Amino acid sequence: MSPQQAVAAVVVLAAGQGTRMRSATPKVLHELGGRSMLGHVLAAAAPLGAGTTLVVVGSGRETVEQHLAAVAPGARTVLQEQQLGSGHAARVAVDAVPDLEGPVLVVNGDAPLLTAGTLESLVAAHTAAGSVFTVLTAEVDDPTGLGRIVRDGRGAPRAIVEERDATAEQRALREVNAGVYVADAGTLRRVLAGLATDNAQGEQYLTDALAPLVDGGAPVAAVRAADPTDVLGCNDRVELAARRRTLNDRVLDALMRAGVTVVDPATTWVDVTVDVAPDALLEPGVQLRGTTAVAAGAVVGPDTTLTDCTVEEGARVVRSHCEGAVVGPRASVGPFSYLRPGTRLAAGTKVGAFVETKNVQVGEGSKVPHLSYVGDATIGRGANIGAATVFVNYDGVAKHHTTIGDEVRVGSDTMLVAPVTVGDGAYTAAGSVITQDVPPGAMGVARARQRNVAGWVRRRRPGTAAARAAEAAGHEGAEAADTGADASE
Ligand code: UD1
Ligand code: CA
């Protein structure tokens, strides 16, 4: 153990099945606030700087191992073949590292609200007391289902009693076991080896480690958490929803105190991994997920979901769904836009209603205001993409790129069949199907000429409201030649 390490090892108990979740997903992998429960526990323990992090896996071990490889590659897994109880799980872990010495943090994998501060104070209290086994506790209003802390007449911890094994008098105690312990490695190894299974569940309880140590006269301690919400576990989906709400409240409180306006905390959900700068404004119904970052002066919402997005200074994203997109300074997105991964909107751009974008760079000041699909494209500066334009990027087999130059005007309802380039300053005529490059400054026209068949309504729709309207307009009998003039030329 090096001097900057608060503990020699962290052991996370994560082998239990989590029956009460009624889920095919292992309990500790259920998510809240952008991380798995296990991820939250590991994040809280990380600042302790332990040289070794062990995660005891069992139920759903392959899934848990895959998850750990992604989120905590430094953690080592230890297999508990049979789930014989939390004491047995801790024993499997310490036995896996026979030369482990010094203080070890043992923590339940289903305690997602734990904070680094709470763990650091627990370790500090353990060290200051010269204890060999210290348990974190909390005073709660409703202790139902939790282990109770039994203290002697002088207030020293005497035992931890599981609810199922508790007397009526013990059940009335409101100080509970958080499922977080610091123990000397050697002591832990010895006491866990002697655990019995004479309890209501026939399991080896980690909580049964305390009483024999007290009996043997070893120094033990029970330390109350400053904030009882830190220690709340999560055994079913009702508790998961409650923990998620608490976590979200913490995130939003911290943002508001740092200068972010959150109009409606009840409907705003922000992952712990998100960054929001002071003077950003979150309207009601906003979800910010993953690596999303929102800069100062940006306005997000109402009713907007951003996953792994960057929203730069002064930008606005209204009623939109965005993933993996960068919204540049003062850009405007929405209402009802769908930005998909690889969307890069430069400063002052606009993406409007019912526009979907994917893998596209939109240059400074360019606009895609209405009803368009823009995929696999580069758009220059100051361009305008007319309503209902489609970047036809897929030929059924492969995706192709479209390049639009600076100051281009793409007419409404243009199909840009990729690969294709529209040069700087060029136009396309509304309704065109552009399959060939349009040189700079040219007008690309690719549509049938219009023909007007004079008197058609009088002949083919006599007696209709249209015919009467035409008659009133004085054109009912006009026999002028059909016209083929094209207004765009
Ligand atoms: C446990 C404590 C209880 C405490 C509560 C706090 C015990 C016996 N009881 O109860 O005193 O108040 O946490 O939330 O420890 N696990 C394994 N292998 C096993 C069994 C469990 O790895 O064989 C893991 C679980 O995945 C879980 C942790 O140990 O992360 C605790 O197990 P759980 O069944 O959730 O215990 P609780 O009944 O909540
Ligand atoms: Ca539990």
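Modeller: First, some sorting words: Ala, Val, Leu, Ile, Met, Phe, Trp, Tyr, Cys and Pro count as nonpolar, Asp, Glu, Lys and Arg as charged, and the others, Gly among them, as polar. Also keep in mind that this model is predicted.

Biologist: Got it. How many charged residues are in the lining of the largest pocket?

Modeller: The lining of this pocket has 45 residues. Sort them by class and you get 15 nonpolar and 19 polar ones. The charged class in this lining holds 11.

Biologist: Which elements give two or more residues to the shell around ligand 1?

Modeller: Let's start with the shell itself, which has 23 residues, with Gln80, Gly85, Ser86, Glu162 and Asn177 coming nearest to the ligand. By class, the shell has eight nonpolar, 11 polar and four charged residues. The elements giving two or more residues to it are β1 (9-14), α3 (86-96) and β10 (175-184).

Biologist: Which residue has a side-chain N or O atom 2.6 Å from an oxygen atom of ligand 1?

Modeller: Let's go through the polar contacts here, where 3.5 Å is the cut-off. Gly16 uses a backbone N or O atom, 2.9 Å from a ligand oxygen, so by that cut-off it makes a contact, but not through its side chain. Asn108 does use a polar side-chain atom, though at 2.9 Å from an oxygen of ligand 1. The 2.6 Å pair belongs to Ser86.

Biologist: How much of ligand 1 does the protein bury?

Modeller: Picture ligand 1 taken alone: it would expose 750 Å². With the protein around it, the share of that area that gets buried is 90%.

Biologist: Let's move on. What volume does the second largest pocket have?

Modeller: Its lining has 13 residues, and Gly33, Gly34, Trp269, Asp271 and Arg289 lie nearest its centre. Two or more lining residues come from each of β2 (31-32), α8, β13 (269-270) and β16 (286-289). By class the lining divides into five nonpolar, four polar and four charged residues. The volume of this pocket is about 220 Å³.

Biologist: Now the backbone. Which residue is joined to Pro335 by a cis peptide bond?

Modeller: Find Pro335 in the loop between β24 (332-333) and β25 (337-339). Omega of the cis bond is about -5 degrees. The partner of Pro335 in that bond is Gly334.

Biologist: What is omega for the peptide bond from Ala418 to Pro419?

Modeller: Pro419 is in the loop between β35 (415-417) and β36 (420-422). The bond from Ala418 is cis. Its omega is near 0 degrees.

Biologist: Last one! What is phi of Arg330?

Modeller: Arg330 lies in the loop between β23 (326-327) and β24. Its phi is positive, and this is a residue other than glycine. The value is near 60 degrees.

Note on methods: Residues are numbered from 1 along each chain as its sequence is written. Chains are lettered from A and ligands numbered from 1 in the order in which they are written. This is a predicted model: local features need pLDDT of at least 70, side-chain atom pairs count only at pLDDT 80 or more; totals for chains, interfaces and linings use all residues. Side-chain values use heavy atoms; hydrogens and water are left out. A residue is near a molecule or strand if one of its heavy atoms lies within 4 Å of it. A polar contact is a pair of N or O atoms within 3.5 Å; within protein, one must be able to donate a hydrogen and the other to accept it, and residues adjacent in sequence count only if both atoms are side-chain atoms. Accessible areas come from the Shrake-Rupley method with a 1.4 Å probe; for residues, only the protein chains shown count as cover. Helices (H or I, at least four residues) and strands (E, at least two) are DSSP runs, numbered from the N terminus. On a 1 Å grid over the protein atoms alone, a cavity is a set of points where a 1.4 Å probe fits but cannot get out, and a pocket is an open set with protein on both sides within 12 Å along at least five of seven lines; lining residues have an atom within 4 Å of a point. Grid points are joined across faces, edges and corners, and a volume is the space filled by probe spheres set on the points.
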